[in-house]
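What follows is a short walk through one structure, from its nonpolar cores to its aromatic rings. Please look at the sequence and the model before reading on.

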Amino acid sequence: MNVTLAVKQYISKMVESSGPGMKVLLMDRETTSIVSVVYTQSEILQKEVYLFERIDSQNRDSMKHLKAICFLRPTKENVEHLIQELRRPKYSVYFIYFSNVISKSEIKALAEADEQEVVAEVQGRSWEPSMLSRCTQGLTSVLLALKKCPMIRYQLSSDMSKRLAESVKQIITKEYELFDFRKTEVPPLLLILDRSDDAITPLLNQWTYQAMVHELLGLNNNRIDLSRVPGINKDLREVVLSAENDEFYANNLYLNFGEIGTNIKNLMEDFQRKRPKGQQRLESISDMKAFVDNYPQFKKMSGTVSKHVTVVGELSRLVSERQLMEVSEVEQELACQNDHSNAQQSVRRLLQNPRLSELDAVRLVMLYALRYERHSSSILPSLMDELSRRGVSERHRRMVQSVVEYGGKRVRGSDLITPTDAVAITKQFFKGLKGVENVYTQHQPLLHDTLDQLIKGRLKDSQFPYLGASSLRDRPQDIIVFVIGGATYEEALTVYNLNRSTPGVRIVLGGSSIHNTKSFLEEVTLTTGHGGDRPHGSGRHGSRR
């Protein structure tokens, strides 16, 4: 199950269905991001798409020699823009595709606007764009792209998980013809979880390439903004990291930082060996032809080397400047160990360090507050005083309590901190005896245990019930996991490792966003500040049982 490939195939089918000839791709803000993630410009140019426009742009020229392929989300705004477009068409013919189902009344409105009969095809697979609807749209779109009609399990402790599960089921029932796929021996499974059950994972510093880039630099639609890097070359102010089109990144995104350094060195040495020599002699036609044939490869390799050396160099600078190895060691101790005496000493010691950034200071106190929330000897008030003495802003200090409100013991449905059943306690004991190979990567997200129990058939129905009367008797094979409130790249690594180590099981991870610490804290602030449903497509329990 490859969501990127499924979306790419869907877009390819859209483009190819319009037949030969020059085309313009009309998109909205979000579908522009979707296309940019799955296609490079050069790839889509090969399909005769020569122009890319936004449906909400007011300054588009009339080009009657172009066919228009419209790829839009079925929102009221987009439908209205499309109605205006069809009343005064700028292109010869329109092929209209929506990313989700569209109501019959909206199709009727589009048909009435098409007075010049320029629409050749309309396909949609929507309702008000609230948070619940947005997540429902996203999930049902993925299910349709993957051709899956799943059984659904949800996290009982989260009212929002149940509501989303019911909303998805309602669409599947209503649009049963769209979801009438070939039956498999073991039905696929959709598992809906809530971010607040594990607020620790998005607070931790990361040490694998993809996760580090997102945590320290920010990764948005495969793009990194490097404009603030000291002395950055203008050509490298924004770079693209895509596993689909960058072999080095694809091979290294799940490797740890030490291995990345070694592989960057090997990449540089390989480039040094292969690059054209400065005084290369071009004495014959065959010499010139060989140079011309090889030059694009060298240029691409040069770009790859420059990009990754720059990115890894900036990561190294930030790790050193913010002393993140020391910070991460204490974070891992807080997340994984159960020694309050050592933990409080380590946190106090780091808070005395003037080089510690405000964000790192606050997240250490947040981790302490979550880990030792109800400890009889908690020193949280003292640590809050220390944050004040450091000059940490009131906004950041308030976030400590907000994180506890968001993901503290009162709202969690799981045993995130202290396992209660004998098997989990024994496993933790032996893990402690064996030690770990890397003190910076001791932590495993709660998602690992949840999926492990699911695959082994031990995930409790009392905590993760099925929606409806049916249940799986066999080990699940195709699992789609959706995290309300956002997933993380550490959890993506967990899914990657489970897919590799569990033959016959295919897991896809999704969420309302992909968090680093900054985006997670924004989510927490919005959620605890406003209550109720999560705004902007994030998501939070409406109430707890």
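Two residues are in contact when they have heavy atoms within 4.5 Å of each other. The model to which this is applied here is a predicted one.

The charged end of Arg 371 sits over the ring of Tyr 372, at 5.2 Å from the ring centre. Elsewhere, Lys 8 lies over the face of Tyr 39, and the distance to that ring centre is 5.2 Å.

In soluble globular proteins, nonpolar side chains tend to be buried together. The largest nonpolar core of this model has 37 residues, and Leu 334 is among the members that touch the most others, along with Leu 203, Leu 351, Met 366, Leu 387, Val 400 and Leu 521. Which helices supply at least two residues each to this core? They are helix 12 (324-336), helix 13 (340-351), helix 14 (358-371), helix 15 (380-389), helix 16 (394-407) and helix 20 (517-530). Helix 14 gives the most, with ten residues. Another core, of 34 residues, lies apart from this one, and its members include Val 229, Leu 236, Val 312 and Leu 318.

The next stop is a loop. Ser 242 is placed between strand 9 (238-240) and helix 9 (247-252). Is Ser 242 buried or exposed? Its relative accessibility is 5%, and the limit for buried is under 20%, so Ser 242 counts as buried. Apart from neighbours within four places in sequence, Ser 242 is in contact with Asn 222 and Tyr 249.

Tyr 249 leads on to the aromatic rings. The whole structure holds nine aromatic pairs. In one of them, the ring centres of Tyr 209 and Tyr 249 are 5.8 Å apart and the planes stand at 70°, which makes the pair edge-to-face because planes over 60 degrees apart are classed that way. This pair joins distant parts of the chain, since Tyr 209 is in helix 8 (residues 209-216) and Tyr 249 is in helix 9, 40 residues apart. Tyr 209 is buried, with a relative accessible area of 0%, and Tyr 249 is buried as well, at 2%. Finally, Trp 207, Phe 257 and Tyr 440 form one aromatic cluster.

Notes: Residues numbered from 1 in each chain as written. Predicted model: local features only at pLDDT ≥ 70, side-chain atom pairs only at ≥ 80, totals over all residues. Heavy atoms only, no water. Core = buried A, V, L, I, M, F, W, Y, C linked by side-chain atoms within 4.5 Å. Buried < 20%, exposed > 50% of the residue type's maximum accessible area, 1.4 Å probe, protein only. Helix = DSSP H or I, 4+ residues; strand = E, 2+ residues; numbered from the N terminus. Phe/Tyr/Trp six-rings, centres within 6.5 Å; stacked < 30°, edge-to-face > 60°. Lys NZ or Arg CZ within 6 Å of the ring centre and 35° of its normal.
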